[in-house]
Amino acid sequence: MAQLFDVYPLYDIEPVRAQGSYLWDANGTRYLDLYGGHAVISVGHTHPRYVQALTNQLNKISFYSNSVHIPQQQELADKLGATSGHSDYALFLCNSGAEANENALKLASFHNGRTKVVAFTKAFHGRTAGAVAATDNRSIVAPINYSQHVQFLPYNDVEAALTGITDETCAVIIEGIQGVGGIHVATDAFLQALRRRCDETGAVLILDGVQCGYGRSGKFFSHQFSGIGADIISMAKGMGNGFPIGGILISPKFKASYGLLGTTFGGNHLACIAAIAVLDIMNDEGLIENAIRMGDYFMDGIRQIGGYKDLRGRGLMIGIEYDFPVDALRKSLLFTHKQFTGVAGKNIIRLLPSLAIGVDEADQFLEALQKEVRQTA
Ligand code: PLP
């Protein structure tokens with residue numbers, strides 16, 4: 001029997017059904033989902049409009065390579081441009097976050113002919129060779145040593161950014177809110193300094209919105225809080241609510257030409273229909289406004305419970321840092337209270353619920369957290 005390559009630790013839970021912010025396992029036990037499988041479930045599990053849209057499309061045509069006209073791509077570009085406030089940007093579609101970042105880095109290098117990348121400590125950009133180098137400086141493919149091209153600067157350090165970005169810098173890649181790295185929010189001053197310095201040096205500013213984008217922060221992209229524009233924005237995760245799709249939004253300063261970028265699966269019918277359904281639901285149900293409202297609700301409740309070292313985040317991207325490892329707390333939330341949460345590092349509980357989450361669900365979490373924090377104290 002072929003074994004699965006054992007690279008992820010697994011909980012002994014088998015979800016077989018899901019709806020809204022809930023999952024059910026094979027024994028019929030219900031779980032509250034405050035994590036959405038790494039921020040992927042944006043409009044809620046099995047939303048009826050989403051299911052209907054995908055089912056309808058599946059019965060027509062699910063895939064053909066993008067050598068033919070796929071009008072759903074243009075519909076997605078139009079809706080994404082309008083919803084995100086980037087109607088003047090162009091859209092390139094791919095299948096995942098790492099792939100989006102890889103295309104962003106490639107495009108930047110084709111654009112200015114440079115190869116040096118500035119990234120930030122505690123960043124996470126994915127698992128392709130280039131994205132890994134920009135995440136933790138490991139080089140994967142000999143003899144091309146990607147990591148030699150990446151320089152790391154401290155996050156939110158304006159001075160380091162100003163001196164670290166030079167006329168040789170190809171691109172700066174940054175998450176508006178660091179997810180895996182611990183829910184650190186970029187300051188306005190820092191993002192504005194990066195924007196200025198990239199303009200001065202001709203470096204391309206890439207905003208990795210794979211985790212913090214798509215409405216989660218309370219704006220479509222979190223860097224929009226800081227009033228800056230990005231040259232390229234990468235997206236994935238919440239974009240398809242579980243259907244794999246990623247993409248980059250590309251500013252008008254980049255010129256397209258045949259062969260510059262390419263993909264087999266990117267922009268297929270089903271992926272586009274999933275992403276269109278997500279945007280329609282987000283717009284019609286006011287989910288970005290809900291992310292602000294419910295983000296405040298979670299934050300207020302967590303503040304009242306106390307017992308933490310730091311509370312960070314924006315909208316429905318929340319990190320609660322404790323001065324102890326949170327592994328036991330997370331396990332109690334899962335096995336005693338039947339609630340899925342995430343972690344970042346050892347000491348941070350990471351919440352990434354569906355943007356449609358309600359007060360009832362938030363209250364269930366706050367009640368469970370209060371019990372657990374009381375027991376720990
Ligand atoms: N960028 C960020 C900020 C991420 O959090 C992730 C995944 O966690 C990625 C990129 C990579 O995305 P994917 O796993 O879809 O390749």
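A nonpolar core is a set of buried Ala, Val, Leu, Ile, Met, Phe, Trp, Tyr and Cys residues joined through side-chain atoms within 4.5 Å. In this predicted model, the largest nonpolar core has 75 residues.

**The largest core**

- Leu194, Phe298, Ile302, Ile320 and Phe365 are the members that touch the most other members of this core.
- Helix H8, which spans residues 269-284, supplies the largest share, with twelve residues.
- The core lies between domain 1 (15-47 + 286-376) and domain 2 (51-284), because both domains give residues to it.
- In soluble globular proteins, nonpolar side chains tend to be buried together.

**Contacts of Phe365**

- Neighbours within four places in sequence are left aside in this list of contacts.

- Another core, of 22 residues, lies apart from the largest one.
- Its members include Leu107, Ala133, Val150 and Ile250.

**The antiparallel sheet**

- Four strands in the order S13-S14-S17-S16 form an open sheet, and their pairing is antiparallel.
- Strand S13 (310-314) and strand S16 (342-344) are the edge strands, so called because each pairs on one side only.
- From one strand to the next, the twist averages 25°.
- S13 and strand S14 (residues 317-321) run antiparallel and are joined by five bridges.
- Helix H9 (residues 287-305) lies across S13, S14 and strand S17 (348-351).
- The direction of H9 is at about 175° to S13.

**The mixed sheet**

- A further open sheet has four strands in the order S1-S2-S3-S15, and its pairing is mixed.
- Its edge strands, each pairing on one side only, are strand S1 (15-19) and strand S15 (339-340).
- Strand S2 (residues 22-25) and strand S3 (residues 30-33) run antiparallel, with three bridges between them.
- Trp24 has Arg30, in S3, as its bridge partner.
- Helix H11 (residues 359-376) lies across S2, S3 and S15, and runs at about 100° to S3.

Terms used: Residues numbered from 1 in each chain as written. Predicted model: local features only at pLDDT ≥ 70, side-chain atom pairs only at ≥ 80, totals over all residues. Heavy atoms only, no water. Buried < 20%, exposed > 50% of the residue type's maximum accessible area, 1.4 Å probe, protein only. Helix = DSSP H or I, 4+ residues; strand = E, 2+ residues; numbered from the N terminus. Domains from an automatic or database assignment. Contact = heavy atoms within 4.5 Å. Pairing = 2+ DSSP bridges. Axes fitted to C-alpha atoms, helices over the stretch in contact; angles between N-to-C directions.
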